[in-house]
Amino acid sequence: MKGFAFLFLLSFFLAGQTKAQREKVITDESKVPEYNLPDVLTRFRGGKVKTEKAWFKKQRPEILKLFTTEVYGQVPGQLDIAEVKVWESSDEALNGLARRKQLSLFFRNNGHNLEVNVLMYLPKTTEKVPVFLAYNFTGNHAVSNDPAIRLTESWVANNPSVGIINNQITEQSRASSEDRWPVEEIVKSGYGLVTVYYGDVDPDKNDFSDGIHPFFYQENQTHPRYNEWGSIAAWAWGLSRVLDYLETDQMVDSKKVAVLGHSRLGKTALWAGATDQRFAMVVSNESGCGGAALSRREFGETVQIINTSFPHWFCDNFLKYNDNEEELPVDQHMLLALIAPRPLYVASAEGDKWADPRGEFLSAKYASPVYELLGKEGLPAKEMPEVNQPVMGTIGYHIRSGKHDLTLYDWIQYIRFADKFLK
Ligand code: GCU
């Protein structure tokens, strides 16, 4: 309790510094401080990891535990899907190109009920298909102009320009993110798309009374403990539950599920891939701070800034590292290494300095020794590639021109990368 009170006061003290800190945001490479990165294959008590066995039995569990207790937070218990309700399915979606299926997963505990809506588009074939599983930001109806998509009734952050008013979406919100979701290209390439609104699992606000967190509270508890899950870990948990469902779906090859996410949902995809080794491939699109970018570089968004702007994303223990990155026992290349030997793609955008493209590249590079130890290629580039020149080993990377976004260009690379591993 004492420790918690201390952290609470500390967070207030540090929150007060944010403005000054913001003014100091590093966007110039020459301002990056000198830092010592923990080596991913050096044991915390000293000595080198030299075998696959030592990686999986010793080093990997220790790294995973540190990310769990110090960064994203522990899931406090187990909860299975209580009910699956299929709302509709059609073999004539997208002008006859695809199958569509819409269903809800229900979770129940402690007198709470949560409904998670799943939208699937699948190629029409008798074989089980590989899929991309990706959260969307404002509801399933935003990914396509298909009028059959059910409108979400969940809380959504206001955005009047796409008809989101009083935290509810409207008909006007349909297809509002379709540029990010080239559903036809995905299906024509032989992949399914499975998408879910992330706010179904936990609304993205600093409020722990809603979403999945209260399902696990002990009596009188209103907030996760200092080492327990923030929202990113809750969203990652949700992805694993969707995968539980996919394991039962006859149309999906659940051994070939690529988990993909953009930005905060890229951080989430990485944590899902780290905590759940059933995900066959992981894609981080511009995940930045708390995702693929190295924290110790302090370039763009820093630990202090993210903890202040989004106090609900990480566990409270992560506050200890505000303006104190060198004390982190891990850095984000070690998160990427937890995904080895599975294929991992990290992507940046030239105009997305906030997410530190170079820090994302270096993270992929410094995760590579683990891939190599496990007999895979890792990232096939020592230096950062030119803009729009993807490199693809078992780790892939590109920096594309343009701003922070998930674009057709990005998807084309992810499909090419998936073709190497999931076909
Ligand atoms: C903010 C935040 C980032 C995050 C992004 C997003 O910019 O600072 O960490 O990735 O939102 O999710 O769009």
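A contact here means heavy atoms within 4.5 Å. With that in hand, here are the views of this predicted model.

**View 1. Contacts across the chain of the predicted model.** Among contacts in the protein chain with a separation of 6 or more, 69% join residues 24 or more positions apart. The chain that makes them has 11 helices and 10 strands.

**View 2. The overall dimensions of the protein chain.** Along the principal axes, the C-alpha atoms fill a box of roughly 55 × 50 × 40 Å. The radius of gyration is 21 Å, which agrees with the value near 22 Å that a compact globule of 423 residues would have.

View 3. Of the 423 residues, 57% are buried.

**View 4. The largest pocket, with a volume of about 730 Å³.** Its lining counts 43 residues, and the closest to the pocket centre are Phe-137, Arg-180, His-262, Ser-263 and Arg-264. Let us see which elements take part. Strand S4 (129-136), strand S6 (252-262) and helix H7 (264-275) each give two or more residues to the lining. Helix H7 gives the most, with three residues.

View 5. Sorted by class, the lining residues comprise 18 nonpolar, 15 polar and 10 charged ones.

Methods:
Residues numbered from 1 in each chain as written. Predicted model: local features only at pLDDT ≥ 70, side-chain atom pairs only at ≥ 80, totals over all residues. Heavy atoms only, no water. 1 Å grid on protein atoms, 1.4 Å probe; cavity = no way out; pocket = protein on both sides within 12 Å on 5 of 7 lines; lining within 4 Å. Points joined across faces, edges and corners; volume = space filled by probe spheres on them. Helix = DSSP H or I, 4+ residues; strand = E, 2+ residues; numbered from the N terminus. Nonpolar A, V, L, I, M, F, W, Y, C, P; charged D, E, K, R; others polar. Rg over C-alpha atoms; globule rule 2.2 N^0.38 Å. Buried < 20%, exposed > 50% of the residue type's maximum accessible area, 1.4 Å probe, protein only.
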